[in-house]
Amino acid sequence: MSTDARTLAPERLYAALMGPDAVVGSYVSGKLVAGTGQAIDLVNPADGTPLLSYQDTTADTVRAALEDARQAQRVWAAKPARERGIVLARLSALVGEHAEALARLEAWSTGKALKGCRAQMGAVAESFRYYAGWTDKFAGKVTPVPGGQLNYTLREPLGVVLQIMPWNSPLYLAGGSMAPALATGNAVLLKPSELTPLSSLVLGRLAIEAGLPAGVLQVVNGLGQTVGPAAIEHEATRKVVFVGSTQTGRRVNSAAGLRPIPCLLELGGKSANIVFADADIPAAVDAAVIAAFANTGQNCAAGSRLLVQRPVYDRFVAELAVASRRYKVGAPLDDSSDCGPINNLAQYRRVWDMIAMGLAEGAELAEGKAAPDADAQGYYVPPTILKHVNNGMRIAREEVFGPVVVAIPFDTEEEAITVANDSEFGLAGAVWTRDIARAHRVAASVNAGIFWINMYREMHASTPFGGYGNSGYGRGSGEEALHEYTQTKNVWVPYSHGA
C-alpha cells in the first residue's frame, strides 16, 4: 500500500490495497472471485450519488468456499498454537501498518466519520494482538475424580464458523469476531453486509499476507438471502455468529436451530444512561453526547434512553442540547467531523419516521429537527434530543439506530431501575452518581451485559461483550469468547491396566 493514503482519492483506495485490477466480489481461498448474480448498487451516503456496483454471489460459490474452508481448517488447527499466535500477531501489525488507508476506505464507503474509523482500526489491530497472546495459553484442565483415574479435558475448535456482520462498523465488528475464532483453530466464512463489502475484502488479503493458510478466512459478499441459507444449511458450518437487528437475528437463530447448530447473537439495544442529581453534571453531559451520537447513533450499545433525576432534569437537558451543537455532523472524510451521515436511505427514512412518531406521541424537541430539509443532500440527521418522554412511548422502547436520544425523568433509585429494566433489550447501561454504594446497587440491578459507572462506551478486546434478553446471547470478546469457539472433550485414563 502506498504511503500517500491521506492524499489518495478515496475511490482509488480499494485498488491501492487490493491491486489495480481488483474487482468487488468475494475473497475465496486467497483469490478474488467476481459475482455473477443480480447487481448490487451502492450509494454514497454523504451526497446520495452512486458509489459502486457489484454482483451478488451464488450459492455454489458459498458452498465451494465452505468446502475449502473445511479442508483449510484442519491444516490451521493442526499447527502448533504458538505458530497460530505468530500469524495473528503479523495480521495485527499489518492492520496497524495500513490503518490510515483502511480508515479512509471505511469512512468513504460507510459514511462513518474518519476520526471514529481511525479509532476502530486501532481496535481491530488490538483484537488480533490480544488473541494472538491467547493461542498457547487457552487449554483444558485436569479434574480429580473418584477411583484415582486421570481425567482431563481438551478444548477443541468447532470447525468452520459463519460470521454475519452488519453495516454500521464493518471491519471493527468483523475483526473482533474473527480474532478469537481464528486463535482457537477455527476457519471463518465472513459474510459482510452487502452495503459495506470493501474493508472485509482487504482484511482477507492482509490475512493471507500475514501467513494465514488460504481458505481459513473466506469473505463472501452478497445478499443475505443468497449467502445465509446456503451457508447455514451446509454441513461444514458448525456455528453461526450474527451481529445485527433483533428481527433478523431471530430468523438466523431459527434457521440454525433446524440443524441444529449453536449461535452467538449480538442484537439490538435501547440502553439506559442513568443520571442522579448528585452526579458530576458536566462530565455526564459530555459522556451523554458520545453515548447517544457517536457513529451517528448507529451503535447497538448507544445510550439512547437518558434517565435523569427530576431535580436536575431541566438543567441537564438544556446543557445536553448546548453540548450536542458542538458535536459536528459533517462529511465523513473531514477530519473535524464527529459523525457523518446515516449509512443508507432505508435507515435514513426510518430515523426521520421515528422522530415524527415520538413527536406525535407527545415528546418535545429539545434539539434537532422534526423533519429533513426539502433540499437535503446526503443522509444527514442532526443530533436530536426528545424531552418529556415516558417509558411507555414507542420512541422509548424501539431501537432508532440513529442520533436520537430520549430524556426520561425519574424520582427515586427504585424507579430508575424499574424503568431501565422495562425493556425487551439488555445490552448496555450506565449510572452517574457520587454515591459509590448506590452506583454498585444500580449496576447489580440493571439487566445489561455491559455496564459503566461514571463513564460510558469504553470497551476492549479483553473484556466480555454481549447482551441479555432480546439483545442476544453469548459473549463475543474477552476470555469468554474462547469458550464460544471451542467444544469440550473429556478424556479418562486408567492408572493401571483394567482399572
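Arg205 is found in helix H7, which covers residues 198-210. The model described here is predicted. Its chain is divided into domain 1 (10-267 + 474-487) and domain 2 (272-462).

**Arg205 and its surroundings**

- The side chain of Arg205 reaches the backbone oxygen of Leu17 at 2.7 Å.
- Leaving aside neighbours within four places in sequence, Arg205 is in contact with Leu17, Met18, Tyr27 and His98.
- Arg205 also forms a salt bridge with Glu209, side chain to side chain, at 3.0 Å from N to O.
- Arg205 and Glu209 are separated by about one helical turn, because they are four residues apart in helix H7.
- Glu209 has a relative accessible area of 45%, so this residue is partly exposed.

**Nonpolar cores**

- The largest nonpolar core has 93 residues, and those with the most contacts inside it are Phe128, Met178, Leu182 and Val240.
- Helix H5 (residues 114-132) contributes nine residues, the largest share of this core.
- A second, separate core is made up of 36 residues, including Leu306, Phe316, Val405 and Tyr456.
- Not counting residues up to four places away in sequence, Leu182 touches Trp76, Arg84, Leu88, Phe128, Val188, Leu212 and Val216.

**Contact between the domains**

- The C-alpha centres of domain 1 and domain 2 lie 30 Å apart.
- On the domain 1 side, 35 residues are in contact with 30 residues of domain 2.
- The two domains bury about 2400 Å² between them, and 53% of that area is on carbon and sulfur atoms.
- Pro45, Lys115 and Trp167 supply 23% of the area that domain 1 buries against domain 2, more than any other three residues.
- Ten residue pairs are in polar contact between domain 1 and domain 2.
- Helix H4 (99-110), H5, helix H9 (246-257) and helix H15 (478-484) each supply at least two residues of the side of domain 1 that touches domain 2.
- H5 gives the most to that side, with seven residues.
- Three salt bridges are found across the interface of domain 1 and domain 2.
- Glu424 and Arg250 form a salt bridge through their side chains, at 3.8 Å from N to O.

**Other salt bridges**

- The structure holds 25 salt bridges.
- One of these joins the side chains of Arg6 and Glu100, at 3.7 Å from N to O.
- This pair links distant parts of the chain, with Arg6 in the segment before helix H1 (13-18) and Glu100 in helix H4, 94 residues apart.
- Arg6 counts as exposed because its relative accessibility is 53%, whereas Glu100, at 17%, counts as buried.
- Arg6 and Glu100 belong to a network of salt bridges that also links Arg104, Arg118 and Asp335.
- The side chains of Glu398 and Arg394 meet in a salt bridge at 2.6 Å, N to O.

**Asp422**

- Asp422 sits in the loop between helix H13 (413-421) and strand S16 (425-426).
- With a relative accessibility of 38%, Asp422 counts as partly exposed.
- Leaving aside neighbours within four places in sequence, Asp422 is in contact with Arg305, Asn391 and Arg397.
- Asp422 and Thr36 are 386 residues apart along the chain, and their C-alpha atoms are separated by 47 Å.

Methods
Residues are numbered from 1 along each chain as its sequence is written. This is a predicted model: local features need pLDDT of at least 70, side-chain atom pairs count only at pLDDT 80 or more; totals for chains, interfaces and linings use all residues. Side-chain values use heavy atoms; hydrogens and water are left out. A nonpolar core is a set of buried Ala, Val, Leu, Ile, Met, Phe, Trp, Tyr and Cys residues joined through side-chain atoms within 4.5 Å. Buried means under 20% relative accessible area, exposed over 50%, partly exposed in between (1.4 Å probe, protein chains only). Contact means heavy atoms within 4.5 Å. Domain bounds come from an automatic or database domain assignment. Buried area is the accessible area (1.4 Å probe) that two parts lose on being put together, summed over both. A salt bridge is a side-chain nitrogen of Lys or Arg within 4 Å of a carboxyl oxygen of Asp or Glu. A polar contact is a pair of N or O atoms within 3.5 Å; within protein, one must be able to donate a hydrogen and the other to accept it, and residues adjacent in sequence count only if both atoms are side-chain atoms.
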